[in-house]
Amino acid sequence: NVPDIFAERPVILYGKYHGELNGSLQIEGITGNETYFESLQLADFIALESNKALMYLWARKRIQMLEDYCSLSWEDDQEIIDEIVALGLEYNLLTAYTSFIVVDSIIRCDTCSAETVQQPLPMPEGVSDNAIGSGYASLEFTGTTAQLTDSYIRNIFPNPVIDNFVIMLHLGQETNDLQKTIQIYDVLGKLVSEIDISDYSAGYHSIYLSLNEDLNMPVSGSYILILNIESEIYGKEIISVL
C-alpha cells in the first residue's frame, strides 16, 4: 500500500524490471483543493551506473516483505525461505537465514573434526546488561510435563510494538482444563500485566491486544512476555515497546 504523501516527507517505491524499458508510470491523487495527475514515460529515463546502489535497496525491501510473510505464517514456507536465502546470497545481505562469516585462508588442522561450541560474547560498549533481561533470571523455563511440550509462542507481530499487536501461540492437547495466562514482566522481573487465557482450547491461536486498552502499559522499553501454564513457563519472548 502506498501511504499518504506530505510536504518534505517523500514516498519511496522500489521496483525491478527486466528487458526493454518502456511503458509509463502514472501518478494520480487528490491535493487540498484539486486532483493531480502525472504520467512519466519510462523510456525518457536512463539507468546510470552511479545509481547501482538502488538494486541493494530493492533487495532489502523485498527481503523485508518476505520475512513479514514468514512472521505471519504458522508454518515455515520453504519457498519463501529459499527466495530470501537466494536474495541474501546474490546481493550479499544479512537476512534471518544468511549470515556473514570470516574464513581463514590457512588450514590449521586438516585432520581435525569440527566441534560446535556456544561462545559467550560481551555486551557492546555503553550497553547495560539489562538489554538481555538480566533482571528476570528467576523466570527460567521450568516446564517438564511431556504432554505440554507442544505448547509454545510462535511469534509476536509486529515487534517492536507501538500499540496493537498479535501473539501467535499453540496450546497442547492436555491444556484444555488447565490455568493458562499470558504474563508480561519488565526487565527487573516485575509483573506489569497479566491476561487469563484459560478459556482457550488446544490448538493454534492468534490473540490481538492493545498496549493501552488491554494491557494498560504505555511506557516504552523492553519487556518479557511469557506463556504460563499451571505456574510453569512454556514460552518466553522479549518485546520492545516504542
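Colleague: What classes of residue make up the lining of the largest pocket?

Modeller: The structure is a predicted model. By class, the lining of the largest pocket holds 23 nonpolar residues, together with five polar and three charged ones.

Colleague: How many residues line the largest pocket, and which lie nearest its centre?

Modeller: The lining is made of 31 residues. Those nearest the centre of the pocket are Leu13, Tyr14, Gly15, Leu25 and Leu42.

Colleague: Which elements give two or more residues to that lining?

Modeller: They are strand E1, residues 24-30, strand E2, residues 35-41, and helix H1, residues 54-71. E1 provides the largest share, with six residues.

Colleague: And how much space lies in the largest pocket?

Modeller: The space in the largest pocket is about 1,500 Å³. Such space can be found by calculation: rolling a probe the size of a water molecule over the atoms shows where empty space is left.

Colleague: Let us turn to the surface. Which residues form a nonpolar patch there?

Modeller: The patch is formed by Ile12, Tyr14, Leu54 and Leu57. Together these residues have about 370 Å² of accessible area. Tyr14 is also one of the residues that lie nearest the centre of the largest pocket.

Colleague: Where does leucine 57 lie?

Modeller: Leucine 57 is part of helix H1. Its relative accessible area is 37%, so leucine 57 is partly exposed.

Colleague: Now for charged pairs. How many salt bridges are counted?

Modeller: The count comes to one salt bridge. In it, the side chains of arginine 62 and glutamate 83 meet at 2.8 Å, N to O.

Colleague: How exposed is arginine 62, and how exposed is glutamate 83?

Modeller: Arginine 62 has a relative accessible area of 27%, so it is partly exposed. Glutamate 83 is partly exposed because its value is 31%.

Colleague: May we step back to the whole chain? How many helices and strands does it have?

Modeller: The protein chain has three helices and nine strands. Read from the N terminus, the order of the elements is β-β-α-α-β-β-β-β-β-α-β-β. The chain has 242 residues, and 27% of them count as buried.

Colleague: What about the backbone? Where does a cis peptide bond join phenylalanine 157 to its partner?

Modeller: That cis bond joins phenylalanine 157 and proline 158, with omega at about -5 degrees. Proline 158 belongs to the loop between strand E3, residues 152-157, and strand E4, residues 164-171. The peptide bond from asparagine 159 to proline 160 is cis as well, with omega near 20 degrees. Proline 160 is placed in the loop between E3 and E4.

Colleague: Why point these bonds out?

Modeller: Most residues other than glycine have a negative phi, and most peptide bonds are trans.

Colleague: What is phi for glutamate 230, and what is phi for serine 231?

Modeller: Phi is near 50 degrees in glutamate 230, a positive value in a residue other than glycine. For serine 231 phi is near 65 degrees, which is also positive. Glutamate 230 sits in the loop between strand E8, residues 221-229, and E9, and serine 231 is in the loop between E8 and E9 too.

Colleague: Are they partly exposed or exposed?

Modeller: Glutamate 230 is partly exposed, since its relative accessible area is 42%. Serine 231 reaches 65% relative accessibility and therefore counts as exposed.

Colleague: Where is glutamate 237 found?

Modeller: Glutamate 237 is in strand E9, residues 232-241. With a relative accessible area of 33%, glutamate 237 is partly exposed. Its C-alpha atom is separated by 9.0 Å from that of leucine 227, a residue 10 positions away along the chain.

Colleague: One last item: where is the place of leucine 21?

Modeller: Leucine 21 is in the segment before E1. Its relative accessibility is 25%, so leucine 21 counts as partly exposed. Leucine 21 and isoleucine 46 are 25 residues apart in sequence, and their C-alpha atoms are 9.1 Å apart in space.

Technical notes
Residues numbered from 1 in each chain as written. Predicted model: local features only at pLDDT ≥ 70, side-chain atom pairs only at ≥ 80, totals over all residues. Heavy atoms only, no water. 1 Å grid on protein atoms, 1.4 Å probe; cavity = no way out; pocket = protein on both sides within 12 Å on 5 of 7 lines; lining within 4 Å. Points joined across faces, edges and corners; volume = space filled by probe spheres on them. Helix = DSSP H or I, 4+ residues; strand = E, 2+ residues; numbered from the N terminus. Nonpolar A, V, L, I, M, F, W, Y, C, P; charged D, E, K, R; others polar. Patch = residues over 30% accessible without salt bridge, like charges linked within 9 Å, V, L, I, M, F, W, Y side chains within 5 Å. Areas by Shrake-Rupley, 256 points an atom, 1.4 Å probe, with all protein chains shown as cover. Salt bridge = Lys/Arg side-chain N within 4 Å of Asp/Glu carboxyl O. Buried < 20%, exposed > 50% of the residue type's maximum accessible area, 1.4 Å probe, protein only.
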